[in-house]
Structures are given as C-alpha cells and as structure tokens.
Amino acid sequence: MAIGWNATWTIFALVILIATPALMALTATERLPAKDDHSSDVEIDSGQLQFRLRDALVTSRFYVYLLAILPMAFIANAIFFSQVHLVETRGWDLETFSLGFPVAAISTTAFSLVSGVLVDRYSAAVLLPFYLIPLALGCVLIASVPDEWIVFPFMALLGISNGFSLTLFGAIWPEAFGIKHLGAIR
C-alpha cells in the first residue's frame, strides 16, 4: 500500500518528535565504563604516537589514506546526481531506479555493522584497500548490463562499500594518528 510522500514525511517527523525526549533522557548523563576486569579495554594506549595536524600533513600516509577515502564520496555522488541522465540514457523507468535506494540503505546499514566487527578484528588500515571492490563491481555491472533489474544488485554493492566507508573513515584517523588531536586531523 502506497501512502505517498507527504504522509511518509509526516510519519518520519512524528517518530522523531516521539523519540526525541527518550534520546535526550538517555544522553543527559555521562556514562563511563565500570572499573572491572575489562577496564583495560577502554584505556587509551599511551604508547601510540599522538600526531598533530602539522605532523600528519607531512606524512605520506595521510595523503594515501585521503586518496583512499575520497573515491566513495565522489563516485556515489556522481551517480546520484546524474541518475536522471543514467536512467534516460538506458531507457529505464526512474521509479524503478528509485526503488533501489532502500536496497542501498539496508546494505549500507548492514555492512556498517559488519565492518565494525572486522575493523575491531583486523584494523581499518588492513580493510581500507578492499572497501571499494564492491562499488567497482557494481559500476562494472551497471555499465555492462542494459537490463533495468541491474539497479538492485548495483545499489546493494554500492551500499556495501558505503557501509564500510562509514566505519573505516571514523576508524582510520585515530588508528593512524592517535586520538589527542583527532578533531583537527579529521
């Protein structure tokens, strides 16, 4: 059953209004980890170098990470901004293409959680070279398959890379340069 875009936005607004007091109550007090046997899990590794922005800017690693991070935003935005042209060129239905966005959203959410586990197990630096592979595969698929159904696997693959990017981008900077000056470096 379709409810229309006006009703959808109204429902989202109501959910936000209802959830806001609960979220405010949850965030009203500072929560610190309890001191127990696992307290060493939350301590800052004092042996890690804490780079300042000027120190990070003179390392080649900073620029390598930056070049690895930027393609996701550039490619995904280029596809989204030129979706009408892509759809018209292919002779597809714009509504069908738009049905792929929930697929991308679900895939992004799922793989941001999966990538969090993988970053904890391996590291952001280890995963970073591989996160664009699903997006590359999706771009090859959408470029080479003329059928409209390809939108759905493309959006799923885009979502996988996007989900990984959301986690990796938050993890790579503190992992590589420490957390003391993280705000400046990011």
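Q: What share of the contacts in the protein with a separation of 6 or more comes from residues 24 or more positions apart?
A: In this predicted model, residues 24 or more positions apart account for 79% of those contacts.

Q: How many helices and how many strands does the protein have?
A: There are 10 helices and 0 strands. Going along the sequence, the pattern reads α-α-α-α-α-α-α-α-α-α.

Q: How do you know what confidence the predictor has in the protein, and what is the mean pLDDT?
A: The predictor's confidence is given for each residue as pLDDT, on a scale from 0 to 100. For the protein the mean is 83, and 89% of the residues reach 70 or more. Over residues 37-44, however, the pLDDT is below 50, and this stretch has 3 contacts in the model beyond near neighbours in sequence. Where pLDDT is low, the predicted coordinates should not be read in detail.

Q: Which elements have the lowest and the highest mean pLDDT?
A: Helix 10 (residues 182-185) has the lowest, at 73, while helix 6 (residues 100-121) has the highest, at 94.

Q: Why are helix 3 and helix 9 called roughly antiparallel?
A: Let's set the value against the cut-off. Helix 3 (residues 60-81) and helix 9 (residues 151-177) pack at an angle of about 155°, and angles over 145 degrees count as roughly antiparallel. The two helices are therefore roughly antiparallel to each other. Their axes lie 11 Å apart, and helix 3 passes helix 9 in a left-handed crossing.

Q: Which residues make the contact of helix 3 with helix 9?
A: On the helix 3 side they include F62, Y65, L66 and I69, and on the helix 9 side they include F154, L158, S165 and W173. By class, this contact has 16 nonpolar, 3 polar and 1 charged residues.

Q: What makes S165 a buried residue?
A: S165 sits in helix 9. Its relative accessible area is 2%, and buried means under 20%, so S165 is buried. Leaving aside its neighbours within four places in sequence, S165 is in contact with M72 and Y131.

Q: Why does S123 count as buried?
A: The relative accessibility of S123 is 14%. The cut-off for buried is under 20%, so S123 counts as buried. S123 is placed in the loop between helix 6 and helix 7 (124-127). Apart from neighbours within four places in sequence, S123 is in contact with L118 and E175. S123 also has a positive phi of about 160°, although S123 is not a glycine.

Q: How do helix 6 and helix 9 pack, and at what angle?
A: Their angle is about 40°, with the axes 6 Å apart. The crossing of helix 6 and helix 9 is right-handed. By class, their contact has 16 nonpolar, 10 polar and no charged residues.

Q: How much of the protein counts as buried?
A: Of the 186 residues, 30% do.

How values were computed. Residues are numbered from 1 along each chain as its sequence is written. This is a predicted model: local features need pLDDT of at least 70, side-chain atom pairs count only at pLDDT 80 or more; totals for chains, interfaces and linings use all residues. Side-chain values use heavy atoms; hydrogens and water are left out. Helices (H or I, at least four residues) and strands (E, at least two) are DSSP runs, numbered from the N terminus. Contact means heavy atoms within 4.5 Å. Axes are lines fitted to C-alpha atoms, for helices over the stretch in contact, and angles run from 0 to 180 degrees between N-to-C directions. Angles under 35 degrees count as roughly parallel, over 145 as roughly antiparallel, 65 to 115 as roughly perpendicular and the rest as oblique. A crossing is left-handed if the near helix is turned anticlockwise from the far one by less than a right angle, and right-handed if clockwise. Ala, Val, Leu, Ile, Met, Phe, Trp, Tyr, Cys and Pro count as nonpolar, Asp, Glu, Lys and Arg as charged, and the others, Gly among them, as polar. Buried means under 20% relative accessible area, exposed over 50%, partly exposed in between (1.4 Å probe, protein chains only).
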